[in-house]
Amino acid sequence: MLGLEEAPPAHARTADKTCDPSGMTFATGGACVLDSTSHEVPALAKQVDTFKKMVKDGTITENQLSRSVALVAYSGNDYAGTGVIRLGSPNDINAYIEKVTKEIAANVDQLLKLEVTKVLVNNLHPIGCTPSHTRTNNYTTCDIFGNLGASIHNDNLKQVMTSKKNVYIIDVYTAFANIVDHAAGKGSELSKQFKRKLSPCCESLNSKGYCGQQNKSSGELLYTVCDKSSKFFYWDDMHPTHAGWEVVIKQLEKPFREFVNQA
């Protein structure tokens, strides 16, 4: 949609004091919004700080910034494994989610202060529909608590972003739900190409295992892979297949283009 053949290169794999004309990716797998002692990967603020330093030392030029679009891509790592969405009290859940969304907003403000022209922030997909949540009921229905947590996050995100200019929230929640939501009359057209919407193509044999896992001593594969990944919306416990993402992005393309192209 941006006219690039591939995503901008990763900062960690780029030579010092250089920036590709297409931009740069500061994202790190497993990163959270909130800083955590249990995570060694840089949280969102550290990623933005790295970007800020490159702007300050001139590696990223004013000319690049004047034509820039930043994407703050978030998949909910702060909620994974904390148990807060399922086990916390309503007050604890709301307070924690509010902390996460306020930190996203603070970092978006930092990007705008650096004169990034436009900032895109995605809301949270329906977490309760991922195979990691649907496995317990044989991949038949979404988990209510997971989706409720995502909805609360999205409501909070909308509130903290409403007053900001040149910021657009990408509604991935609706784009996912249109495909995986099993309520009557919802997502029927977009869902047709997927034989499996709530189960993964690559499935661990153990509920606590992962796609790609092998027995360390024997090398035995501890997972199975489907024959046609294009018939599955999800590739593994958390991530959509290429076919899944294509249908999601197809829904988001029109509003995305309108935001990016507006003066």
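Reply: Happy to! Buried means under 20% relative accessible area, exposed over 50%, and partly exposed in between, with a 1.4 Å probe and protein chains only. This is a predicted model, where local features need pLDDT of at least 70, side-chain atom pairs count only at pLDDT 80 or more, and totals for chains, interfaces and linings use all residues. Residues are numbered from 1 along each chain as its sequence is written, and side-chain values use heavy atoms, with hydrogens and water left out.

Me: Is Cys211 buried, partly exposed or exposed?
Reply: The relative accessible area of Cys211 is 26%. That value lies between the 20% and 50% cut-offs, so Cys211 is partly exposed.

Me: How many disulfides does a search of the whole structure find?
Reply: A disulfide is a covalent bond between the sulfur atoms of two cysteines. Here the test is a pair of cysteine sulfur atoms within 2.5 Å. Searching the whole structure with it, the number of disulfides is three.

Me: Which handedness does the disulfide of Cys129 and Cys142 have?
Reply: The sulfur atoms of Cys129 and Cys142 are 2.1 Å apart, and they form a disulfide. This pair links distant parts of the chain, with Cys129 in the loop between β2 (118-122) and α5 (131-134) and Cys142 in the loop between α5 and α6, 13 residues apart. Helices (H or I, at least four residues) and strands (E, at least two) are DSSP runs, numbered from the N terminus. The torsion about the S-S bond is about 105 degrees, so the disulfide is right-handed.

Me: What is the handedness of the link of Cys201 and Cys226?
Reply: Cys201 and Cys226 form a disulfide with sulfur atoms 2.0 Å apart. Both cysteines, Cys201 and Cys226, are buried. About the S-S bond the angle is -95 degrees, and the link is left-handed.

Me: What is the pairing when the bonded cysteines are numbered in sequence order?
Reply: A disulfide also joins Cys202 to Cys211, S to S 2.1 Å. Its torsion is about 95 degrees, so this disulfide is right-handed. With the bonded cysteines of the chain numbered in sequence order, the pairing is 1-2, 3-6, 4-5.

Me: How many aromatic pairs are there?
Reply: Rings of Phe, Tyr and Trp (its six-membered ring) pair if their centres lie within 6.5 Å; planes under 30 degrees apart count as stacked, over 60 as edge-to-face and the rest as tilted. Tyr79 and Tyr96 form an edge-to-face pair, 5.9 Å centre to centre with 70 degrees between the planes. By this rule, the count of aromatic pairs is eight.

Me: Which residues form one aromatic cluster with Phe233 and Tyr234?
Reply: Phe233 counts as buried at 0% relative accessibility, and Tyr234 also counts as buried at 0%. Phe233 and Tyr234 belong to one aromatic cluster, together with Phe176, Phe194 and Trp245.

Me: What does helix α6 reach from its first C-alpha to its last?
Reply: Helix α6 covers residues 144-161, which is 18 residues. The expected span of a helix is 1.5 Å times one less than its number of residues. For α6 the expected value is 26 Å, and the helix comes close to it, reaching 26 Å.
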